[in-house]
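Work through the exercises below with the model open beside you. Try each task before you read its solution.

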Amino acid sequence: MLFSKPEDKAQMINVQEANNLWDLAKANYLAVELMQTWENFAHDADFKAVIKTFLTDIKKDIKTLEKELKKHGIPGPDKNRAAVNTAINTEIMMDEYIAQEFFIFAQENVEQLLRAIRTTTTNDGLRALFLKFTNKAIDRLDKVVGYLKIKGWLETPPLYPQTPAEVKETIAAGGVFHLWDHLTFRYDNISQTEIFHAFAKDPEFKALLKVGLQKTLKKQAAMLEKELERLGIPLPKPPKNFAMSDSTELLDDDYMFRILLTGIQGAAAFHAQALKQSTVEDRLRKEFKKLLCEEIGYIDEMIKFGNAKGWLHPVPQYKLQ
């Protein structure tokens with residue numbers, strides 16, 4: 001169900017894609033300076049090594065972004081300094097404080113890259129690069145949480161006090177909400193997709209909807225139901241069965257497709273928020289991480305499908321190569 005775009009479109013870049021490149025380069029330049037500063041002030045040898053590893057990784061990303069900026073003729077932002085040294089007493093900053101800043105950076109990095117994926121709808125190669133960056137950023141965030149927990153540098157949020165006695169797993173109140181919120185969202189997604197499937201006319205779009213319904217939405221809903229039931233959390237009402245309408249002319253395929261794409265992009269934001277706040281339960285954080293990685297892959301596939309069908313509104317172009 002995927003289509004390749006015409007060769008002449010492969011080199012096009014829209015105005016937001018140009019901004020995404022510039023914005024990511026600027027953020028990474030700032031990240032390098034921050035990490036160099038943190039490395040100067042950090043005392044724990046292990047923490048210094050973690051910062052250094054992340055710093056090396058981000059510098060590699062900067063080189064890739066600089067090549068893309070040059071390739072598309074986009075003026076880049078001001079670069080970071082080669083080094084950040086200080087003569088100030090390093091005792092004024094505690095490792096725990098630096099770690100909290102590090103955690104916030106890792107969270108925001110994921111959010112920024114998700115915004116870049118959502119708006120990179122013209123150039124498939126550029127979106128593939130952002131997908132690569134995003135998967136790395138998700139792994140970085142997961143590792144940061146694990147490391148800070150080992151060090152005892154993450155505070156424990158309010159815990160859910162009503163888990164069944166046989167459940168030995170500790171879960172945060174926020175984690176309970178994210179599980180419940182995900183399931184209600186998926187129930188709405190199921191209802192909407194069944195309606196769209198009934199009204200869709202394009203056979204390939206109809207097939208795409210059916211696959212998404214059976215292999216993604218219902219499968220994820222079943223997983224979430226199982227988790228809620230195991231943890232003794234009340235389940236929301238399931239979706240009603242959809243009654244087919246006699247008229248299928250009320251909704252156009254391209255309109256339904258764009259609504260569907262917006263829903264998938266919204267799901268990625270749901271997963272990202274859950275991932276960011278799942279600092280207590282490692283197992284559930286892994287599940288939300290998996291959902292997020294899958295969702296950004298679906299966004300990529302849907303954008304390719306929509307472009308092939310001509311169902312995405314064309315974004316103003318930055319320039320033709």
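A contact means heavy atoms within 4.5 Å. The model is predicted: local features need pLDDT of at least 70, side-chain atom pairs count only at pLDDT 80 or more, and totals for chains, interfaces and linings use all residues. Residues are numbered from 1 along each chain as its sequence is written, and side-chain values use heavy atoms, with hydrogens and water left out.

**Exercise 1. Find Asp300 and list what it touches.**

Step 1. Locate the residue: Asp300 sits in helix H8. Helices (H or I, at least four residues) and strands (E, at least two) are DSSP runs, numbered from the N terminus.

Step 2. Set aside residues up to four places away in sequence; Asp300 then touches Arg127 and Leu131.

Step 3. Check the cover. Asp300 has a relative accessible area of 8%, so it is buried. Buried means under 20% relative accessible area, exposed over 50%, partly exposed in between (1.4 Å probe, protein chains only).

**Exercise 2. Find the largest cavity and its lining.**

Step 1. Know the term. On a 1 Å grid over the protein atoms alone, a cavity is a set of points where a 1.4 Å probe fits but cannot get out; lining residues have an atom within 4 Å of a point. Grid points are joined across faces, edges and corners, and a volume is the space filled by probe spheres set on the points.

Step 2. Give the volume: about 60 Å³ for the largest cavity.

Step 3. Name the lining: Leu24, Asn28, Asp61, Leu65, Asn109, Leu113, Phe133 and Arg140.

Step 4. Assign elements. Helix H1 (15–41), helix H2 (45–71), helix H3 (95–119) and helix H4 (124–151) each give two or more residues to this lining.

**Exercise 3. Where is confidence lowest and highest among the elements?**

Step 1. The chain mean is 89.

Step 2. Compare elements. Strand S2 (residues 317–319) is lowest, at a mean of 86, and helix H8 (residues 282–309) is highest, at 96.

Step 3. Check residues 1–8: pLDDT stays under 50 there.

Conventions: pLDDT = per-residue confidence, 0-100. 1 Å grid on protein atoms, 1.4 Å probe; cavity = no way out; pocket = protein on both sides within 12 Å on 5 of 7 lines; lining within 4 Å.
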